[in-house]
Protein chains: 2
Amino acid sequence: MNESQAILGLAALAQETRLAIVRFLVKAGRKGAPAGMVADAVGASSSRFSFHIGHLERAGLVKAERRSRQILYSVDFAHIGALLAFVMEDCCGGDPQVRACCGTKSAASGLDGE
Amino acid sequence: MNESQAILGLAALAQETRLAIVRFLVKAGRKGAPAGMVADAVGASSSRFSFHIGHLERAGLVKAERRSRQILYSVDFAHIGALLAFVMEDCCGGDPQVRACCGTKSAASGLDGE
DNA sequence: TCAATATCTCAAGAGAAGTTGAAATATGAA
DNA sequence: TTCATATTTCAACTTCTCTTGAGATATTGA
């Protein structure tokens, strides 16, 4: 993960429709979900979905695999992890307060407990 | 941290000049650095710098404090932490592979050891 | 081959983002 | 007040992003 890859990844996540796609695909897990189902779930037309999933794919955040006439999309969890690691380490210098938020279930953000 | 705040934050980081500003301010630490020094460091004109730092400030990633005729900018580490936590928990469902990248010094990204 | 299904690509337009240089504002010193 | 310093705001421009609808491509089955 270098700087331009990170910028691509951050820009890919910084959009409502694309964030919704990622969220849905995360729920779908490693096996992924077909394009049409994801497009429906996020309320996007086929061309709009294609535009955004292409963005996510170019950024490396999702992977595609053709299964007969469908295309299954799935999240590349390792890539998202590497993106977060880049922001935390390379850009924030591994600052303890930043790391604290992620290390153990959103400790510093006060979202939830275990 | 809600979704629109997160999108603002991600978009703020997804730009070369702004990422350079954040990096420099992270090095400057809690006490921050004056606008002119940061602008110089990242090679931006005063108006260009002002445009981008305004973006970062609106996103909540940096804070400003006037010190006589200078304005000191500093990173809001807690806010960046909350942003990363949002992506990890709320958007990636706290997936173990994503969390592994950040929990213990970029384990899964293979960047460095302790 | 023909039709149906699933998805992608293209072109056009609206709107947002980024750059530039000039002018405005705020602060402090002579 | 006048000047110098530090920073922001504005207007004009170019470029990028997003949306829409129409048409193209790929796959399967009759």
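User: What lies between S2(A) and S3(A), and which residue in the turn has a positive phi?

Analyst: This is a predicted model, in which local features need pLDDT of at least 70, side-chain atom pairs count only at pLDDT 80 or more, and totals for chains, interfaces and linings use all residues. Residues are numbered from 1 along each chain as its sequence is written, and chains are lettered from A and ligands numbered from 1 in the order in which they are written. S2(A) and S3(A) form a hairpin with two residues between them. The turn residue with a positive phi, about 60°, is A:Ser68.

User: How many bridges join S2(A) to S3(A)?

Analyst: Strands here are DSSP runs (E, at least two residues), as helices are (H or I, at least four), numbered from the N terminus. Two strands pair if DSSP finds at least two bridges between them. S2 (residues 62-67) and S3(A) run antiparallel. The number of bridges is six.

User: Which residue of S3(A) is the bridge partner of A:Ala33?

Analyst: S1 (residues 33-34) of chain A pairs with S3 (residues 70-75) in the antiparallel sense, over two bridges. A:Ala64 has its bridge partner in S3(A) at A:Tyr73. For A:Ala33, the partner is also A:Tyr73.

User: Which element gives the most to the surface near DNA strand D?

Analyst: A residue is near the strand if its C-beta atom, placed from the backbone, lies within 6 Å of it. Among the 22 residues around DNA strand D, those that come nearest include A:Ser47, A:Ser68 and B:Gly36. H4 (46-58) of chain A and H3 (35-42), H4 (46-58) and S3 (70-75) of chain B each supply at least two residues. The top contributor, with six residues, is H4(B).

User: How many polar residues does the surface near DNA strand D have?

Analyst: Ala, Val, Leu, Ile, Met, Phe, Trp, Tyr, Cys and Pro count as nonpolar, Asp, Glu, Lys and Arg as charged, and the others, Gly among them, as polar. Six residues are nonpolar and four are charged. The polar count is 12.

User: Which element gives the largest share of the side of chain B that touches chain A?

Analyst: Contact means C-beta atoms, placed from the backbone, within 7 Å. The contact takes 38 residues from chain B and 38 residues from chain A. H1 (3-13), H2 (16-28), H5 (77-91) and H6 (96-103) of chain B each give two or more residues to this side. The largest share, 11 residues, comes from H5(B).

Key: Two residues are in contact if their C-beta atoms, placed from the backbone, lie within 7 Å.
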